[in-house]
Amino acid sequence: MQNKERKPIYSILIEHREIPLLAVLALLLVAVSIRVPGYLGKSWLNVLKNGSINMVMCCGMLCVLLIGSIDISITAILAFAGAVAGKLMGTGAIQSTVLMFVLGIAIGAAVGAINGVLMSYGRVISLIVTLSTSYIVRALIPMEWLLGMNKINPTQLTQGFKDSLINHSFLGLPFLVWLAVLVVVITGVFLKYTRTGRNLYAVGSNAEAAQMRGVPINRIRVLAHTICGATAGLAGIMWLAFYAAIEKGSALGDEMFTIAACVLGGVAVTGGYGKIGGVVIGALMIAFIDSAIPQMGIGNSMITEFIKGILLLIAILLNVVLQRVAEKQDLARRNI
Amino acid sequence: MKKVLALVLTLMLVLSVAAFAEKAGEGITIGVVYKQSGNAYFQAGVTGFEQAAEELGFEFMHDGPDDGSSDGQIRIIENYIAQGVDALCISANDPAALVDVCNEAREAGIKVISWDAKVDAEGRDLDVEPASAQVIGVTQLDSIVNSIGGEGQIAIVSAMATAPNQNLWISFIEEALNSGDEKYANIEYVGTVYGDDEYTKSFNETQALLEKYPDLKGIIVPTTVGGPAVCKCIQDAGRDVKVTGLTLASDMKEFIDAGIADETFLWNPIELGYASSYAAVALVKGDFTGAVGEKIECGELGELEVTESDDGGSILFLNKLNSFTKDTVDAWVDIL
């Protein structure tokens, strides 16, 4: 037993759930590349761009899932924050691009905080809380006394704002992508290296134990939801800058893809487990599926939803199977 | 004596001419009902009624429910019946729901015309609609053929794969392309993709089209939601692809000004109101019954012919689409 320290490959796989996922992603990529030659060369930038908004929301969703909660109001917050900021820019009240982002994050954080307070101090199931707030904030968008808004058009936005994320790039990547990278890095550092970040895991894996240890669990829960709301608000401004349009129904239903990306990335919906690396790969996989399906065959659009569902299922099953195999091998190796 | 006689005769002639010049709609009252109050589209429709009222001399009242409901419309119609209007012009929120109240009106001797959105055949005398499916399809095709200079690849980005209107228009486009007409000889139609009337889906499908067909020259978007998404995608990709379709002026102003779309279309609600007025007056006066094959003179719009509708009733098509170009789009942004 000279190499006692060396870990077998299975346990590495278990510790790093994102590795099997990466294998699944590579497999799908190969499959698509066979069907659509030169796919990756043409589309990699589009995958990154289209996936950025979801990626940002995934970071927030990760925080919420870690404490064993969930937030399905994120796309409603996206539409609301984007609509409010867009309306203000349309009326000329805001001209500064930076202010737009600050406002979007602030609106999102406010709604997220409300979610968090209701969920933690109010003790209402987060699914119901966020379902309610999602209806409410979406319904606020066309209200006469608030925004009275039908739709934000590109003409209502300043050129500087419309150019901000798409037409500025650094190292070949547009700011839109860099913004997502920035949010990922901040979230990663926060979760791994700060006490508060570690407390999210503590609250999610065993709230009572965390409380015994003196973790302010309700404050942590509110914080997680506030972060999630803030990323959704930011996503709203990113959406507005990318697509130059937003309306009441924008991104309706897309919150499920955010959750799917997190689950693909190995985040436990029961709380307490999840890594930013896995989430990044999960979000990339969703973006990749979204981009690849239309290219697989024109005229087949009627069954794209079907293919999307199947691909998601295959991805998650493969991930689970690989995980199981690795775990079994690990147990077998330890003669259990 | 002869002089007196001549004078009297001349006077009679003048008087008779004056009497003849009395406006056709004098003494007629029309009740106009639209889908929802405060909607700019229907305000434009009312403008059409105003224009016709000036020419024909009829009176009209107009109203629509706040909530866009059928029962709200029924209350308005009952109110008009009680006031003893001569004709009703209705843009129905539900084709079947208004049949009973419309028949009640017809029993009271009131002529019932539906415009913009039909009342079912058994409840109306005539339906006035913008254009036949063939005109809508072929107008868009001819426009894109013009835009791209008569040769190159074109594609269609539609709404849902199951959308009946869009599919009908597309079938007429395909029929025209296959007709062997000289002007389409150098056009290669690569197919239709479906954006499901979702902004991001339309955007992603367009991205895939652009990547799959590097020589693509034009895209037809026969749906208002898809239009801006397709244009934004082309703008970001920096490709020289022209767009046309059925769009709102406010959505497209940016892209028409940027030269991505030379010309897009939508029907003109003003003309719909105008033609409905002429039809209503003629029906009330009894010199027109609204039967299939009958012709009617509609002022500036010229002579229009009644044809048979899909539902077996009679329908009057204006067969004219309103086009938005660099020169005209500004006048429409606040209306459509």
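Mentor: Let us begin with strand pairing: two strands pair if DSSP finds at least two bridges between them. Strands (E, at least two residues) and helices (H or I, at least four residues) are DSSP runs, numbered from the N terminus. This is a predicted model, in which local features need pLDDT of at least 70 and side-chain atom pairs count only at pLDDT 80 or more, while totals for chains, interfaces and linings use all residues. Residues are numbered from 1 along each chain as its sequence is written, and chains are lettered from A and ligands numbered from 1 in the order in which they are written.

Trainee: In which sense do S8(B) and S9(B) pair, and over how many bridges?

Mentor: Strand S8 (residues 216-221) of chain B is joined to S9(B) by 4 bridges in the parallel sense. Within this pair, B:Ile219 has B:Val243 of S9(B) as its bridge partner. These strands belong to an open sheet of 4 strands with parallel pairing, in the order S7-S6-S8-S9 (chain B). At its edges are S7 and strand S9 (242-245) of chain B, each pairing on one side only.

Trainee: How is H7(B) placed against the strands of chain B?

Mentor: Such an angle runs from 0 to 180 degrees between N-to-C directions, with axes as lines fitted to C-alpha atoms, for helices over the stretch in contact. H7(B) lies across strand S6 (152-158), S7 and S8 of chain B, and runs at about 160° to S6(B). The neighbouring strands of that sheet are themselves turned by 20° against each other on average, direction ignored.

Trainee: What is the strand order in the open sheet of 8 strands?

Mentor: The order is S2-S1-S3-S4-S5-S13-S12-S11 (chain B), and the pairing is mixed. Strand S2 (59-63) and strand S11 (295-297) of chain B each have a single partner strand, so one side of each lacks a neighbour in the sheet. From one strand to the next, the twist averages 25°. Within the sheet, strand S12 (residues 303-308) and strand S13 (residues 314-317) of chain B pair in the antiparallel sense over 3 bridges. Opposite B:Val306 stands B:Leu316 in S13(B). Helix H2 (residues 40-56) of chain B lies across strand S1 (29-33) and S2 of chain B, at about 175° to S2(B).

Trainee: At what angle do H8(B) and H9(B) pack?

Mentor: Angles under 35 degrees count as roughly parallel, over 145 as roughly antiparallel, 65 to 115 as roughly perpendicular and the rest as oblique. H8(B) and H9(B) pack at an angle of about 20°, their axes being 9 Å apart; H8(B) is therefore roughly parallel to H9(B). A crossing is left-handed if the near helix is turned anticlockwise from the far one by less than a right angle, and right-handed if clockwise. H8(B) passes H9(B) in a left-handed crossing.

Trainee: How do the axes of H2(B) and helix H10 of chain B cross?

Mentor: The axes of H2(B) and helix H10 (residues 269-285) of chain B come within 6 Å and cross at roughly 45°, so H2(B) is oblique to H10(B). The crossing of H2(B) with H10(B) is right-handed.

Trainee: Which domains does the assignment give for chain B?

Mentor: Domain bounds come from an automatic or database domain assignment. For chain B, the assignment gives domain 1 (29-130 + 268-319) and domain 2 (133-266). The C-alpha centres of these domains of chain B lie 32 Å apart.

Terms used:
Contact = placed C-beta atoms within 7 Å.
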